[in-house]
Every structure is written in structure tokens, then in C-alpha cells.
Amino acid sequence: MEALLAIERKKYHKALLEKGVLTIDKDGVPSNADKSSKLSITIANGIAQALMAETAEKAVGQTAGAKFELVNMEFLEATFPKLQNLRPGNWHIIKLGNRNSIKTSSFVQYEHLEYLSELTEKDAKLAASMGNDYMVAPDVVIYQDAIDDSEINKNLLIVDNTTAKMAYIRKETGGLPILHASISAKWTMRSDRAQNSRTEALGLIRNRKGHLPHIVVVTGEPMPGRLASLALGTGDIDCMYHFALYELIEAVEKSGAEDSKELLDVLIKGKRLKDISDLPLDLVV
């Protein structure tokens with residue numbers, strides 16, 4: 001019997017292939033490779049061949065990015081809610097966007113951001129002073145609804161109207177949904193995209209009221225050096241997850257690039273880079 005995460009990992013890669021996110025163009029350059037770097041093309045080709053990518057036109061940058069976000073959301077939908085025995089809850093997994101009615105300020109830790117947004121819209125001087133760094137827009141989020149007292153008291157009378165009047169988890173005290181995880185999905189990690197993920201993370205860290213949600217990055221970047229630009233060190237993100245880490249390790253090994261091999265080893269042994277299949281279980285903690 002094959003494990004759930006093994007099955008869903010295969011479906012995840014199949015979806016990336018079918019949606020045209022991972023392709024190889026007519027010149028033999030994979031869609032996640034930097035065409036100006038021979039090493040990037042070599043490593044990316046190793047991954048693509050392991051996943052049996054087909055030759056096709058490369059998707060437009062933003063289109064590929066949006067599809068990558070969607071596939072990651074679908075992977076988490078297929079895995080995380082099934083871990084109820086480890087992390088029970090009424091979980092929602094959604095892809096945020098400009099047209100989505102749910103914003104970062106919809107969650108209890110960040111509800112004050114809506115008030116700040118309204119103030120800056122009315123006051124140009126205040127807007128110029130504050131900028132918009134406080135407005136954070138993750139790609140994919142996992143959140144939990146506040147819980148009715150009847151559910152909290154199901155097995156034992158835990159709360160009443162005299163105490164715990166401001167606990168986030170209680171729906172009766174006006175509790176908004178609680179943000180559990182922010183997932184930044186970046187198909188490649190060019191310098192500007194790496195900076196975007198860091199900015200998102202710092203915004204979530206600095207502007208929260210209450211506990212910090214998980215902050216992770218999922219990427220398809222093949223170059224260990226670019227992965228390290230965000231993954232190395234601590235403080236910004238929990239961890240970086242590669243869409244095909246096992247295939248990446250093999251591709252880097254075959255490339256013969258010792259520097260890249262050593263750097264990848266540092267990232268993995270330092271627990272700064274993991275495989276996509278590790279993500280659902282890490283979000284349980």
C-alpha cells in the first residue's frame with residue numbers, strides 16, 4: 001500500500017506537467033532554468049527528465065507563477081486536512097489574489113491592517129510616511145475558524161462567560177479566523193522574487209498581533225546558489241521547500257558541480273531546504 005504523501009507527490013508533479021508549468025522548450029531549456037546559465041539548464045534538465053517533462057512552449061512568467069500557486073494549494077488541500085489525528089481543526093486552504101474577498105486583514109492576527117489601510121487612503125501625508133509595507137499578500141494561506149463554545153466544552157466544561165473573554169479561538173468572543181500558515185510559491189528564485197518572499201515574511205512578522213503563523217516558501221528553482229540566497233540563515237522564513245528535492249539532489253550530483261553540491265548539502269543538513277512532501281507534516285507542528 002502506497003503512502004498518501006507519496007501518492008499526492010506524484011499527482012503534484014503530474015499537475016505541474018499537465019498545466020504546462022514544467023516544460024522543455026525546442027532549444028532544450030526547461031521552464032524553470034535560467035537560459036543564460038549552462039549549469040542551471042543542466043540541473044533543470046536532470047529534474048525535468050526524471051519527471052518526464054515534455055517539449056512545449058514555456059508559459060508566460062506570471063501565468064506559470066499563478067499555476068504554480070494553484071498546484072501547491074491543491075497539494076495542500078489533498079494532504080493537510082487528512083492529518084486530523086495530528087492537528088484537528090476546521091481548516092481552509094485558499095489561494096489569495098486581488099479578486100479574493102479574503103485578505104490578510106481578514107485574520108485575527110492582522111485585522112488592524114484594514115484600519116491602517118482606511119486611514120492611509122484618507123490621508124496622503126500618512127500614506128507617504130508609512131508606505132504600504134504593512135500590507136502583506138501571501139500566495140496561499142491555511143487558516144482555521146474560531147470554535148463554538150459548545151465544541152470547546154464537548155468533553156469538559158472549559159469556558160463560560162466569566163473568563164477567557166478575549167481568547168482568539170472562541171467564536172463567542174468575536175473571534176475572526178486564525179491564520180495558521182502563509183505559503184509563498186515562487187516557481188523560480190531570481191533575485192527580485194527572492195526579495196519578494198523575504199518582504200512578505202518580514203511583513204507578517206512585524207505586523208502581527210498574537211502568534212506568528214508558519215511562513216514558508218515553495219519553489220522550483222534548480223540553482224543551489226539562488227536557493228541559498230533566501231534559505232540560508234534564520235529569522236525570515238521557517239524553511240524552504242523544493243518541488244522536487246530528491247530529483248534536484250540527483251541532478252546536482254550528475255552535473256559534477258562540486259560547489260553546488262556542497263551548498264545543497266549545507267542547505268539540506270542545516271534543515272533549511274526540504275522536499276514538498278515534508279510540508280504537510282511540518283505544518284502540523
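The protein chain of this structure, which is a predicted model, has 11 helices and six strands. Of its 285 residues, 46% count as buried, and residues 24 or more positions apart account for 73% of the contacts with a separation of 6 or more.

**Exercise 1. Describe how helix α9 packs with helix α10, and state which residues make the contact.**

*Step 1.* Two packed helices are described by the angle between their axes and the distance between the axes. For helix α9 (residues 245-255) and helix α10 (residues 258-269), the angle is about 150 degrees, and the axes are 9 Å apart.

*Step 2.* Angles over 145 degrees count as roughly antiparallel, and therefore α9 is roughly antiparallel to α10.

*Step 3.* On the side of α9, the contact is made by Leu-245, Leu-248, Ile-249, Val-252 and Glu-253, while α10 contributes Ser-260, Lys-261, Leu-264 and Ile-268.

**Exercise 2. Classify the ring pair of Phe-80 and Trp-91, and say where in the chain each residue lies.**

*Step 1.* The structure holds five aromatic pairs. In the pair of Phe-80 and Trp-91, the ring centres are 5.2 Å apart and the planes stand at 70 degrees.

*Step 2.* Planes over 60 degrees apart count as edge-to-face, so the pair of Phe-80 and Trp-91 is edge-to-face.

*Step 3.* Phe-80 is found in the loop between α3 (61-79) and β1 (91-95), whereas Trp-91 belongs to strand β1, and the pair, 11 residues apart, links distant parts of the chain. Both Phe-80 and Trp-91 are buried.

**Exercise 3. Classify the ring pair of Phe-107 and Tyr-143, and explain why the pair ties together separate parts of the sequence.**

*Step 1.* The centres of the rings of Phe-107 and Tyr-143 lie 5.2 Å apart, and their planes are at 50 degrees.

*Step 2.* Planes under 30 degrees apart count as stacked and those over 60 as edge-to-face, with the rest counted as tilted; the pair of Phe-107 and Tyr-143 is therefore tilted.

*Step 3.* Because Phe-107 lies in the loop between β1 and α4 (112-122) and Tyr-143 lies in strand β2 (residues 140-144), the pair ties together parts that are 36 residues apart in sequence. Both Phe-107 and Tyr-143 are buried.

**Exercise 4. Name the residues that ring pairs link into a cluster.**

*Solution.* The cluster is made up of Phe-68, Trp-187 and Phe-243, which are linked by ring pairs.

Methods
Residues numbered from 1 in each chain as written. Predicted model: local features only at pLDDT ≥ 70, side-chain atom pairs only at ≥ 80, totals over all residues. Heavy atoms only, no water. Axes fitted to C-alpha atoms, helices over the stretch in contact; angles between N-to-C directions. Helix = DSSP H or I, 4+ residues; strand = E, 2+ residues; numbered from the N terminus. Parallel < 35°, antiparallel > 145°, perpendicular 65-115°, else oblique. Contact = heavy atoms within 4.5 Å. Phe/Tyr/Trp six-rings, centres within 6.5 Å; stacked < 30°, edge-to-face > 60°. Buried < 20%, exposed > 50% of the residue type's maximum accessible area, 1.4 Å probe, protein only.
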